[in-house]
Amino acid sequence: MADDIFQAVIKDHATIRVLMKAVDDCGKDADLRREAFANLAKALIAHAKAEERSLYDTMLGESPSHDESLHIAEHDAISELIHTLGGKREAPTDWPATFLQLKTLVKRHLDEEENELFPVGQHLLTADQKIRLGELYRAAKADEDSKDRSDILVL
Ligand SMILES: [Fe+2]
Ligand SMILES: [Fe+2]
């Protein structure tokens, strides 16, 4: 059976964690780092938008114990930092510090989704809804993956 929404999203979280580590592993090689960061940035943006178009769209305001809008605000904060890192040339000393900020925020965001939001969603959604949202997420992700992000990645 195809992955449900939570299985699909958690797999993409694992990919994002690997892509974040790949940026760190580039060390001081600027060309490698640019490429690794572009891969991470595209994956993060497509993931966040697809998540909003599927899971958040359905859960927003439905769970009495959880405020999903906080997670969406974090997507915006992540996007801001990606724009800062990818949209213009920062002084070399600023880039690692700003990337550390992004990494800290993303790690916390993924952990909060997995440990706090998704357990609520597991109870709130029916098995059919989880499968349907998984399909919706994959379709939205494919659509987001096909978009040109050169506006924010002018490294
Ligand atoms: Fe998210
Ligand atoms: Fe997520």
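At what angle do the axes of α1 and helix α4 (residues 94-124) cross? I get roughly 165 degrees, with the axes coming within 11 Å. For the record, axes are lines fitted to C-alpha atoms, for helices over the stretch in contact, and angles run from 0 to 180 degrees between N-to-C directions. That makes α1 roughly antiparallel to α4 (under 35 degrees counts as roughly parallel, over 145 as roughly antiparallel, 65 to 115 as roughly perpendicular, the rest as oblique).

Before going on, the ground rules. This is a predicted model, where local features need pLDDT of at least 70, side-chain atom pairs count only at pLDDT 80 or more, and totals for chains, interfaces and linings use all residues. Residues are numbered from 1 along each chain as its sequence is written, while chains are lettered from A and ligands numbered from 1 in the order in which they are written.

Back to α1 and α4: I looked up who meets whom (contact: C-beta atoms, placed from the backbone, within 7 Å). From α1 I noted Phe6, Ile10, His13, Ile16, Met20 and Val23; facing them in α4 are Phe99, Lys103, Val106, Leu110, Glu114, Phe118, Gly121 and Gln122. By class I have nine nonpolar, three polar and two charged residues (Ala, Val, Leu, Ile, Met, Phe, Trp, Tyr, Cys and Pro are nonpolar, Asp, Glu, Lys and Arg charged, the others, Gly among them, polar).

Next, α1 against α5. Their axes come within 7 Å and cross at roughly 40 degrees, which makes α1 oblique to α5. On the α1 side the contact is Ile5, Phe6, Gln7, Ala8 and Val9, and on the α5 side Lys130, Leu133, Gly134, Tyr137 and Arg138.

Then helix α2 (residues 30-59) against helix α5 (residues 127-145): within 8 Å, crossing at roughly 150 degrees. So α2 is roughly antiparallel to α5. The contact splits into seven nonpolar, two polar and five charged residues.

Stepping back, I count five helices and zero strands (DSSP runs numbered from the N terminus: helices H or I, at least four residues; strands E, at least two). The radius of gyration is 16 Å, close to the 15 Å the globule rule gives for 155 residues, so the chain is as compact as a globular protein of that length (taken over C-alpha atoms; the rule is 2.2 Å times the number of residues to the power 0.38).

Last check, confidence: pLDDT (the predictor's confidence in each residue, from 0 to 100) averages 90 over the chain, and 94% of the residues score at least 70.

Conventions: Two residues are in contact if their C-beta atoms, placed from the backbone, lie within 7 Å.
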